[in-house]
Amino acid sequence: MSLKLYNTLTRRKDEFVPIDAANVRMYVCGPTVYDYAHIGNARPVIVFDVLFRLLRALYGEAHVTYVRNITDVDDKINARAAERGVSIREVTEETARIFREDVAALGCLPPTVEPRATEHIAEMIAIIERLIARGVAYAADGHVLFNVPAMAGVPGAPAYGALSNRSLDEMIAGARVDVAPYKRDATDFVLWKPSAADEPGWESPWGRGRPGWHIECSAMSWKHLGEVFDIHGGGIDLVFPHHENELAQSTCAFGHSVMANVWMHNGFLQVEGEKMSKSLGNFHTIRELLETDSFGGRKWDGAELRLAMLRTHYRQPIDWTVDALEEASRTLARWRNTIRRNGAGPAEPTQEFIEALSDDLNTPKALTLLLGYGARVNQFFHGGAGADAPRDEEEALALAGNLVGCAALLGIALDVAEEEVAPELKAQVDALVARRLEARKAREWAESDRLRDEIVALGVVLMDGKDAATGQPTTTWELKR
Ligand code: AMP
Ligand code: ZN
């Protein structure tokens with residue numbers, strides 16, 4: 001089976017060859033947690049969830065490590081905490097919890113690891129020290145800056161601009177606005193900056209301060225995936241400067257010519273031809289779409305939002321419209337009714353479907369296949385003899401099973417009776433319950449209570465007990481009725 005992925009770095013669709021097929025490693029930049037995520041922010045989460053599922057199908061569930069970070073140190077977070085008169089921790093905890101609930105409702109599996117930037121300050125400092133030692137970073141005025149021109153002197157390092165395909169002249173022109181006096185070169189970027197007394201800060205060799213944004217991802221990917229890993233993803237707006245700078249930091253610090261072998265970027269979700277964004281004010285939060293009638297006069301369920309998203313190839317822009325959601329809603333209702341009324345054979349994805357996804361996540365082609373399966377199953381059960389309708393019930397049920405199995409690979413559950421727990425929710429609750437059990441064993445009561453609130457917010461009842469044999473705490477759970 002060959003998997004082909006478009007690589008921003010080579011600007012081609014390349015055959016994917018993992019560094020270690022027993023542990024395929026992917027890093028995706030996660031949210032900055034200061035406010036509700038909008039449906040544009042959900043696009044990378046859904047796209048890379050589909051890739052995560054595909055990699056698990058191809059290499060085995062236990063052989064894929066997916067890291068998606070939480071950026072919980074950022075000036076926007078400080079501003080929001082001050083505005084609301086609450087602590088920074090309160091803003092980041094609450095926003096991270098809402099984000100997890102929202103993306104679980106969209107059918108996304110939890111990543112293997114969800115590191116928080118504030119828990120990786122030591123790794124950031126270690127990388128910055130290496131960069132200074134190699135002569136590509138300097139301390140000035142309480143700041144530490146990456147010196148872009150010095151990168152050319154680091155043996156084996158790629159050229160700065162290689163990922164975003166920009167020339168140095170372009171970047172200098174872009175950076176000329178508002179050059180801070182402590183910068184040696186206009187293109188230099190911040191690795192560490194000083195914190196005022198009322199700003200969050202950590203002790204460092206350069207005084208009390210906090211990290212720049214780019215260094216966070218170099219540190220977290222290093223800690224959890226190693227110096228070089230397979231896939232690095234995010235939205236197209238992250239290519240420059242964020243990913244270009246991550247690449248510069250990691251290659252110079254670790255002495256490799258690459259950070260990740262494949263760089264993948266999703267296109268924008270747009271409203272009337274413009275990027276959906278907080279700053280343009282043309283956004284709909286995931287929460288609003290799930291829980292209010294503000295878009296198209298009705299609530300949408302997570303699978304409808306997801307299906308509408310996957311109709312478009314991930315590198316193309318999507319126009320977010322009520323029409324597209326209504327069409328997704330009708331399709332989903334038709335598929336689910338068919339499965340509920342007639343049943344389905346084993347949930348097996350088909351080879352042709354896996355091949356469509358393996359061609360740089362060609363979800364539009366994959367969905368065309370699904371529409372064909374659904375139509376053929378319906379031809380059998382509800383009359384209308386098409387030339388390729390199943391010949392007997394066995395064949396019809398097998399095809400219905402294919403439909404369920406393929407949809408599941410896209411993260412869309414077709415076979416859930418309303419009262420059942422969706423598999424993503426189950427995975428999420430199980431993970432949280434396990435973490436809370438660890439906290440209880442370690443007698444970390446505050447953390448255990450915090451996790452309990454997070455679990456209860458998912459609509460779950462917890463039952464704590466003790467194992468009769470070992471005396472160890474146990475926890476079971478069920479959905480709130
Ligand atoms: P931000 O909170 O702006 O850092 O964005 C978080 C993630 O969402 C990043 O991977 C962005 O590239 C992505 N993103 C933001 N806006 C959009 C959009 N309108 N369409 C697609 N992806 C987006
Ligand atoms: Zn990042």
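This dialogue walks through a few local features of a predicted model.

Mentor: Local features here need pLDDT of at least 70, side-chain atom pairs count only at pLDDT 80 or more, and totals for chains, interfaces and linings use all residues. Residues are numbered from 1 along each chain as its sequence is written, chains are lettered from A and ligands numbered from 1 in the order in which they are written, and side-chain values use heavy atoms, leaving out hydrogens and water.

Trainee: Which residues does the UniProt annotation "binding site" cover?

Mentor: UniProt positions follow the numbering used here, feature names are shortened, and annotations may be inferred rather than shown by experiment. The unreviewed entry lists Cys29, Cys217, His242 and Glu246. They span 218 residues in sequence, yet no two of their C-alpha atoms are more than 11.0 Å apart, so they gather at one spot.

Trainee: Is Cys29 buried or exposed?

Mentor: Buried means under 20% relative accessible area, exposed over 50%, partly exposed in between (1.4 Å probe, protein chains only). Cys29 is buried, at 12%. Glu246 is buried too, at 0%.

Trainee: What does Glu246 touch?

Mentor: Contact means heavy atoms within 4.5 Å. Setting aside residues up to four places away in sequence, Glu246 touches Cys29, His214, Cys217, Ser218, His232 and Met259.

Trainee: Where does Glu246 lie?

Mentor: Helices (H or I, at least four residues) and strands (E, at least two) are DSSP runs, numbered from the N terminus. Glu246 lies in helix H7. Pro241 is placed in helix H7 (residues 239-254), and the peptide bond from Phe240 to Pro241 is cis, with omega near 0°.
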